[in-house]
Amino acid sequence: MSLSAKTVVVIAIGAALYGIGGLPMFGIPVFANTTLKPAMAVLALFAVLFGPLVGFLVGIIGHWVTDLFAGWGVWFTWELGSGIVGLIIGLYPILTRGRLDMGLFSKLDFSLFVLLAFVANVVGYGCSAFLDAVLYAEPFTKVLVQLVIIALSNTVIIAFVGHLILTSVAKRKQQSFNLKEAY
């Protein structure tokens, strides 16, 4: 598989924004090694706008950047979780048959976006929690509490910021989509 130069640039920009935005100075600590990260909206938006592969790579690389610069060490289990979140949310344009590209973003589309965000967080970070418990002998109750906090808070952040941005994207696309050539 080869990626176009544009796709590589999009992944690099998305990973940098998600990675730097995930640093502790931009988050709110809520539990052991658990932070509310507004940068989750960046991951979700890159996934929605550019698809599952970009979402997956932005998630993994961006989370790696966060871990590296925050000094926590690299936790591949959580980086994989972010990649899975990006991959699942990246299914949005496929499930909506590209309606956002046509300038359409209905309440049903928003509901699907929020549902995907929730499922993505549960599945992605559920895998992270499970792998932490199995590979690193982390206490199961600790990783379960982390999962619940992360899934709920990330979904709220993604829904709030995503609604604002995706509504704007739809309006802009609608204006472009309605352009007609004058004769």
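The following dialogue walks through a predicted model, from its overall fold to single residues.

Colleague: What should I know about the numbering and the model before I start reading?

Modeller: Residues are numbered from 1 along each chain as its sequence is written. The model is predicted, so local features need pLDDT of at least 70 and side-chain atom pairs count only at pLDDT 80 or more, while totals for chains, interfaces and linings use all residues, and side-chain values use heavy atoms, with hydrogens and water left out.

Colleague: How many helices and strands does the protein have, and in which pattern do they follow along the sequence?

Modeller: Helices (H or I, at least four residues) and strands (E, at least two) are DSSP runs, numbered from the N terminus. In this protein there are seven helices and two strands, and reading along the sequence gives the pattern α-β-β-α-α-α-α-α-α. The radius of gyration is 17 Å, close to the 16 Å that the globule rule gives for 183 residues, so the protein is as compact as a globular protein of that length. That radius is taken over C-alpha atoms, and the globule rule is 2.2 Å times the number of residues to the power 0.38. Along its principal axes, the C-alpha trace spans about 70 × 35 × 30 Å.

Colleague: Which residues have the most contacts inside the largest nonpolar core?

Modeller: In soluble globular proteins, nonpolar side chains tend to be buried together. A nonpolar core is a set of buried Ala, Val, Leu, Ile, Met, Phe, Trp, Tyr and Cys residues joined through side-chain atoms within 4.5 Å. The largest one in this model has 34 residues, and Ile89, Phe113 and Tyr125 are those with the most contacts inside it. At least two residues of this core come from each of α1 (5-21), α2 (40-50), α3 (52-70), α4 (76-89), α6 (107-135) and α7 (140-177).

Colleague: Which residues is Tyr125 in contact with?

Modeller: Contact means heavy atoms within 4.5 Å. Leaving aside neighbours within four places in sequence, the contacts of Tyr125 include Tyr18, Met40, His63, Trp78, Leu147 and Ile150. For the protein as a whole, among contacts between residues at least 6 apart in sequence, 77% join residues at least 24 apart.

Colleague: How many residues of α2 are buried?

Modeller: Helix α2 is mostly covered, with eight of its eleven residues buried, among them Met40, Leu43, Phe46 and Val48. Just after α2, Gly51 takes a positive phi of about 100 degrees.

Colleague: Which residues have a positive phi although they are not glycines?

Modeller: Most residues other than glycine have a negative phi. Arg97 has a positive phi of about 55 degrees although it is not a glycine, and Ala137 likewise has a positive phi of about 55 degrees. Arg97 lies in the loop between α5 (92-95) and α6 and is exposed, with a relative accessible area of 72%. Ala137 lies in the loop between α6 and α7 and is exposed at 64%.

Colleague: Where is Phe105, and is Phe105 buried or exposed?

Modeller: Phe105 is placed in the loop between α5 and α6, and with a relative accessible area of 15% Phe105 is buried. Not counting residues up to four places away in sequence, Phe105 touches Tyr92, Leu100, Phe110, His163, Leu166, Thr167 and Ala170. Ile11 and Phe105 are 94 residues apart in sequence and 24 Å apart in space, C-alpha to C-alpha.

Colleague: Where are Ile94 and Phe76, and what is the relative accessibility of each?

Modeller: Ile94 sits in helix α5 and is exposed, with a relative accessible area of 55%. Phe76 belongs to helix α4 and counts as partly exposed at 47% relative accessibility. Phe76 and His63 are 13 residues apart in sequence, with their C-alpha atoms 9.0 Å apart in space.

Technical notes: Buried means under 20% relative accessible area, exposed over 50%, partly exposed in between (1.4 Å probe, protein chains only).
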